[in-house]
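Reader: Could you help me learn to read a structure, one feature at a time?
Author: Gladly; let us look together.

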Amino acid sequence: MQYKSYKIRLEPNNVQSTLLLQHCGVARHAYNVGLAYCNDLFKKGEKIPSAITLHKWLVSDIKKECSWYYKSSKCAPQAALIDLEKAFKNFHRLQKKSGYKLKDKKGFLKGLPRFKKKGKKDSFYLDGAIRVENNLIRLPRIGWVRLSENIEEFKIKNCVISRKADNWFVSFKIEYLPIKTKKKYDVAGVDLGIKTLATLSNGEVFKNIKPYKDAKKKLRKQQKELSRRFVKGAKSQSSNYKKALLKFTKTHVQIANIRLDNLHKITTYLAKNFETVVIEDLKVKSMVKNHNLASAILDGGFYEFKRQLLYKKEWYGGNVILANTYFPSSKLCSCCGSKKEVLKLSEREYACTECSSVMDRDFNASKNLKNLAVSSTVIAFGDKSSDSTEFQLVDELGIKHQMFTF
């Protein structure tokens, strides 16, 4: 049995919005006081306590002074301390190999947990009697809250409430039985790029809508307004500053939503209609080091494309082949197999010197990715989970690739 996640916008009234903000405040306060306590222990060279020990300390020392904790669910501070424990474990894992010498640009130890700020990534965890009926959800300590869409009745054990701009969202997961769809086509090679987001080996092309690039002028104008209204050194900013900040945040959320919507449409189409999809395993972190292309690469959402395709193939069945990062898909001729040693980014057409074939650069790369699925052979495999198997493929050039079968 697998799990499927849902994230739905809430439509709370004024009283419910206040309660949601209170829960966020309790979770943030518990995290920050716990972090301050752990930082003191870390400086002394003492062991960082577990989440259970931290919660006992919170109840005995902090809750006595902060009675407003009892107005919110106990799950919010408990989950915040669990997140703090995970953050310190990740920090120790990162720093252990270097002997605690890795530092960021500001001189702080890299990976050390930071204090949470009000209004930034506000969220909290709830557990208990959670019910969903049509367009309503019952949350502990908050009551029945309206959802933005009608959904079926689900058994929910826990959920996470989060806020983006001035919108509240509830996230939860349910048990889900994958339904393998009947595929229309066999294999598709997919080349990801900046000019066109995805070029398929059957000739289909999906445009790169570039939402961030289109909104740059609007963002620049809003950023200037925000900067003008900011008063340095003030304890609290003006109402006009807060309005400008909300407007600026809404624009960024809109950009992210446009990008996600486009990626969801493409990946769902590929997962439902093609038995095998071949894409390149791009190292986005290395690619964005080229500052001339970094903005365009991040605007396309290459990593998110791969992530969505993998989990959607689990839902609908089929195979995903991740071609090795160093596979020369653009330099190979898809007709005769000859390889160009040098191919500039400015060359948008691939002209083969051996067989004289000329075609679009991205289309040639997608055809090479499709040929990879046919020509490669399985050399090793191992069970990844009960629902999928991970294979290792080797092509004619001796390059190893990954294949996931769902």
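This is a predicted model: local features need pLDDT of at least 70, side-chain atom pairs count only at pLDDT 80 or more; totals for chains, interfaces and linings use all residues.

Reader: Which residue in the turn of the hairpin formed by β3 and β4 has a positive phi?
Author: Residues are numbered from 1 along each chain as its sequence is written, and side-chain values use heavy atoms, with hydrogens and water left out. Strands (E, at least two residues) and helices (H or I, at least four) are DSSP runs, numbered from the N terminus. Two strands pair if DSSP finds at least two bridges between them. Here, three residues separate β3 from β4, and Arg141 in the turn has a positive phi of about 70°.

Reader: In what sense do β3 and β4 pair, and over how many bridges?
Author: They are antiparallel, with four bridges, and β4 covers residues 143–147. Gly143 in β4 is the bridge partner of Leu139.

Reader: What lies between β2 and β3 in their hairpin?
Author: Two residues do, and Asn134 in that turn has a positive phi of about 55°. β2 (residues 123–133) also pairs with β3 in the antiparallel sense, over three bridges. Glu133 has Leu136 of β3 as its bridge partner.

Reader: Which residues of β3 are on its covered face, and which on the uncovered one?
Author: The general idea is that side chains in a regular strand alternate between the two faces of the sheet. In β3 (residues 136–139), Ile137 and Leu139 form the covered face, whereas Leu136 and Arg138 form the uncovered one.

Reader: Is Ala165 buried or exposed?
Author: Buried means under 20% relative accessible area, exposed over 50%, and partly exposed in between (1.4 Å probe, protein chains only). Ala165 counts as buried because its relative accessibility is 18%. Ala165 sits in the loop between β5 (155–164) and β6 (167–176), and has a positive phi of about 55° although it is not a glycine.

Reader: What about Tyr100: where is it found?
Author: Look in the loop between α3 (75–96) and β2. Tyr100 is not a glycine either, yet has a positive phi of about 60°. Its relative accessibility is 35%, so Tyr100 counts as partly exposed.

Reader: How much of the protein chain is buried?
Author: Buried residues account for 42% of its 406 residues. The secondary structure of this chain comes to ten helices and 16 strands.
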